[in-house]
Amino acid sequence: MRNPGRELYVDIGAERVTIAAEKDNQKIAVEIKSFLSPSPVNDLQEAVGQYEIYRSVLKELQPKRQLYLAVPKRVYEGIFSERFGQLILNSIGINLIVFDEQLERIIRWIS
């Protein structure tokens, strides 16, 4: 997406941290976040900000594609299981994929 003086590129293809796919014939984009910094709150702020930016861009460029945030099981059982994390998920309306890092498989879809 181009704007005078600004350029923003949203990876919606098969890239390292964002992938495009289909789930039940629905087009989706998945932003994968590992939450590796010492502060889960800072990681959450970054992930939510990026999620909102991507959602806005997708709404303009590919309005039929649904955005998901993918997080490891340990993150879901950590900050996202706490009241604060649940508040953020519900108030912003984040679609979430929870995956097992060891088994490399999705264990939960939350829309």
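Are phenylalanine 35 and phenylalanine 80 buried or exposed? Both are buried, where buried means under 20% relative accessible area, exposed over 50% and partly exposed in between, with a 1.4 Å probe and protein chains only. The points below put this pair in context.

1. Basis. This is a predicted model, in which local features need pLDDT of at least 70, side-chain atom pairs count only at pLDDT 80 or more, and totals for chains, interfaces and linings use all residues. Residues are numbered from 1 along each chain as its sequence is written, and side-chain values use heavy atoms, with hydrogens and water left out.

2. Confidence. The predictor's confidence in each residue is its pLDDT, from 0 to 100. The protein chain averages 83, and 78% of the residues score at least 70. Over residues 9-17 the pLDDT stays under 50.

3. Layout. The protein chain has 3 helices and 7 strands, in the order β-β-β-β-α-β-α-α-β-β along the sequence. Helices (H or I, at least four residues) and strands (E, at least two) are DSSP runs, numbered from the N terminus. Of the 111 residues, 33% are buried.

4. Strand 5. In strand 5 (residues 66-72), 6 of the 7 residues are buried, so this strand is largely enclosed by the rest of the structure. Strand 5 runs parallel to strand 4 (residues 26-32), joined by 5 bridges, and parallel to strand 6 (residues 96-100), joined by 4 bridges; two strands pair if DSSP finds at least two bridges between them. Alanine 70 in strand 5 stands opposite isoleucine 32 and also opposite isoleucine 97 in strand 6.

5. Aromatic pairs. The structure holds 2 aromatic pairs. Rings of Phe, Tyr and Trp (its six-membered ring) pair if their centres lie within 6.5 Å; planes under 30 degrees apart count as stacked, over 60 as edge-to-face and the rest as tilted. Phenylalanine 35 and phenylalanine 80 form an edge-to-face pair, 6.0 Å centre to centre with 65 degrees between the planes. Phenylalanine 35 is in the loop between strand 4 and helix 1, and phenylalanine 80 in the loop between helix 2 and helix 3, 45 residues apart.

6. The other pair. Tyrosine 68 and tryptophan 109 are also edge-to-face, at 5.2 Å centre to centre and 90 degrees between the planes. Tyrosine 68 lies in strand 5 and tryptophan 109 in strand 7 (residues 105-110), so the pair ties together parts 41 residues apart in sequence. Tyrosine 68 counts as buried at 2% relative accessibility, whereas tryptophan 109, at 34%, counts as partly exposed.

Methods:
Contact means heavy atoms within 4.5 Å.
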